[in-house]
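Hi everyone, thanks for coming.

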Amino acid sequence: MSVTTESLGSRSHGDRVRGTAFYVLLLVSVTIGFLLLGVLLVDVIRKGIGYVDPTLLNEPNSSDPNKAGAGPAIRGTIYMMILLLVMVVPIGVGTALYLEEYANRERWYNRLLEINIQNLAAVPSIVYGILGLAFLVRGIGLGRVLLAGALILTLLVLPTVIVASREAIRAVPDSIRQGAYALGATQWQVVWRQVLPASIPGIATGSILALARAIGETAPLLLVGALTYVAVNPTLLGSYTALPVQIYQWIARPQEEFRVLAAAGIIVLLVILLTMNAFAIWLRNRYQRRW
Amino acid sequence: MVMSDMESAPAAPARIAGVDEKILAERAREAASTRRDVLFDVSRLTVSYADVPALKGVSLEIYKNFVTAFIGPSGCGKSTFIRCFNRMNDLIPSANVDGTILYHGIDLYGPEVDSVEVRKRIGMVFQKPNPFPKSIYDNVAFGPRVLGWKKDLDARVERALRHAALWDEVKNRLKASAYSLSGGQQQRLCIARCLAVEPDVLLMDEPASALDPISTTAIEDLMHELKREYTIVIVTHNMQQAARVADMTAFFSVEVDEEQDRRTGVLVEYDATPTIFTNPGDKRTEDYVTGRFG
């Protein structure tokens, strides 16, 4: 075949059109995502920024929109995050370590466990709320308290934390384990001194992202009693409210002022979420390992 | 496997290109002047993965303070074999080892033997350098720490690094990441890591195959030094390397079962290195060392 300018320059017309069309489609998808997020942000900030003040951050809710704040709700959300962290990370990392390092895949119960966890990640959050209401609030009589809310959110994000931790553990190359075993380390020492430290950045990143998802959840908390009017600071076994629930309640009010207040609440929630995500990204870049 | 007498090893010209006759002659002299104390006595060893044998019926003896090389084409089971000596195959659930390996007269696969205890005494260096994602110091200190040797850790780390001929290159940056070292340095670090737990035996699975020629020479020189105190077993696909470093050489080959489409490794010949390279007793060995096969 002789090479001429024409033979090098001729690609079929249809091929070129398809290529361009695909590229345009990709651009449109990206634009839609960015645009929607942008519009939402701009709208919320324009409406609510004027209400983000010490009153919002400290005062309890009130029937007077000018006096109403989200203090107990913000603190409720922060306490819940801490409780969540304390409960979900040990259980999630423990499960992930068992599945990755100890479980024999040949055994049926281990495979069942794995399928179960994957399915749990897909269960709608309202279902967890119903479970919490039936089992925690009424079943064992915990009542509509902060601990019940935290427990339900723990269940909700546990599968996500397990999956993220497993990814991080799996990313530790086998050569590291073999090197440690070859020096006479026991399985416990290999896991505790090599695998776990090497996978901590990945586990932390995954856990923070899961946590960020949890604190935005409203539906399950409505069922396990995040009350909409709480004047006092939340305690472990006392009534409580959370930021997304507070926002939801304000939006449902007929007065325009409360909707603006809701926008201000959304800004606070977004700031918390974005801070957590930024921290996760920083953590990932800071401790990124090259094997 | 009859051991030929060193003195009668013929001075026939080396049949493979690149292997210096002088080196072989030196090997023969060395081996003749060293006593042969049996350290490992392997008999009828068969290793299977998921009931498919990868290596069949291997019997040989490994001598104390010798360098013993396993050579052979890919898939002949030499890596599988070396991993039997420190029970690394235990980590693969489908692997099954039959036969016996006596170490100081004790069966390594006996019911009362703990694989962790075995690995404390029989160290291993892998094909690809595998430093831990920690500092140089912590890499070497890992073994002693695991064993609970907390006294004089600094001295122990220094001794191991000196032994591995790495001390002068790293003494000023012990806290630096092990990944900041070159490939050859990393491999010497892995050797130092093994030496820090004061093992009896060093197993090396193609330790220089991922390294440049200068680093390879450094590792080979190191083996000459180390064999005074340790027994070294090395897998290599580089025949020149085997000729340069090994006192004894075992040649493995592949037996192909066409009917079942199985390839099984077998030990063809085991003898003093000069004999394997100049006067092999088996046609297959001769074909391999002269480059006609593999």
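By buried I mean under 20% relative accessible area; exposed is over 50%, and partly exposed is in between, with a 1.4 Å probe and protein chains only.

Some housekeeping before we go on. This is a predicted model, where local features need pLDDT of at least 70 and side-chain atom pairs count only at pLDDT 80 or more, while totals for chains, interfaces and linings use all residues. Residues are numbered from 1 along each chain as its sequence is written, chains are lettered from A and ligands numbered from 1 in the order in which they are written, and side-chain values use heavy atoms, leaving out hydrogens and water.

Back to B:Glu206, then. You'll find B:Glu206 in the loop that runs between strand S7 (201-205) and helix H8 (213-226) of chain B. When I say helix or strand, I mean DSSP runs numbered from the N terminus: H or I with at least four residues for helices, E with at least two for strands. The backbone at B:Glu206 has a phi near 45 degrees, which is positive in a residue other than glycine. For context, most residues other than glycine have a negative phi.

Chain B has another residue like that. Phi of B:Asn65 is near 60 degrees, again a positive value in a residue that isn't glycine. B:Asn65 also sits in a loop, this one between strand S2 (52-63) and strand S3 (67-71) of chain B. With 23% relative accessibility, B:Asn65 counts as partly exposed.

Along the principal axes, the C-alpha trace of chain B spans about 55 × 45 × 35 Å. Of the 294 residues in chain B, 54% count as buried.

One of the strands deserves a stop. B:Thr264 lies in strand S10 (residues 262-272) of chain B, and B:Thr264 is buried, with a relative accessible area of 6%. Which residues is B:Thr264 in contact with, leaving aside neighbours within four places in sequence? They are B:Pro53, B:Ala54, B:Leu55, B:Lys56, B:Ser253, B:Val254 and B:Glu255. Contact here means heavy atoms within 4.5 Å.

On to chain A. Chain A has 12 helices and 0 strands. What about its radius of gyration? A compact globule of 291 residues would come out near 19 Å, but chain A has 25 Å. The C-alpha atoms of chain A fill a box of roughly 85 × 65 × 35 Å along the principal axes. In chain A, buried residues make up 42% of the 291 residues.

A:Asp43 is in helix H2 (residues 13-48) of chain A and is partly exposed, at 32% relative accessible area. Between the C-alpha atoms of A:Asp43 and A:Gly179, 136 residues apart along the chain, there are 56 Å. Then take A:Ile272, in helix H12 (residues 256-286). A:Ile272 and A:Leu57 are 215 residues apart along the chain, with 13 Å separating their C-alpha atoms. A:Ile272 is buried, with a relative accessible area of 17%. Not counting residues up to four places away in sequence, A:Ile272 touches A:Met81, A:Ile215 and A:Leu243.

Finally, how do the chains meet? 25 residues of chain B are in contact with 18 residues of chain A. Between them the two chains bury about 1800 Å², 64% of it on carbon and sulfur atoms. Buried area is the accessible area (1.4 Å probe) that two parts lose on being put together, summed over both. On the chain B side, B:Pro133, B:Phe142 and B:Val146 lose the most area to chain A, together 29% of what that side buries.

Methods. Rg over C-alpha atoms; globule rule 2.2 N^0.38 Å.
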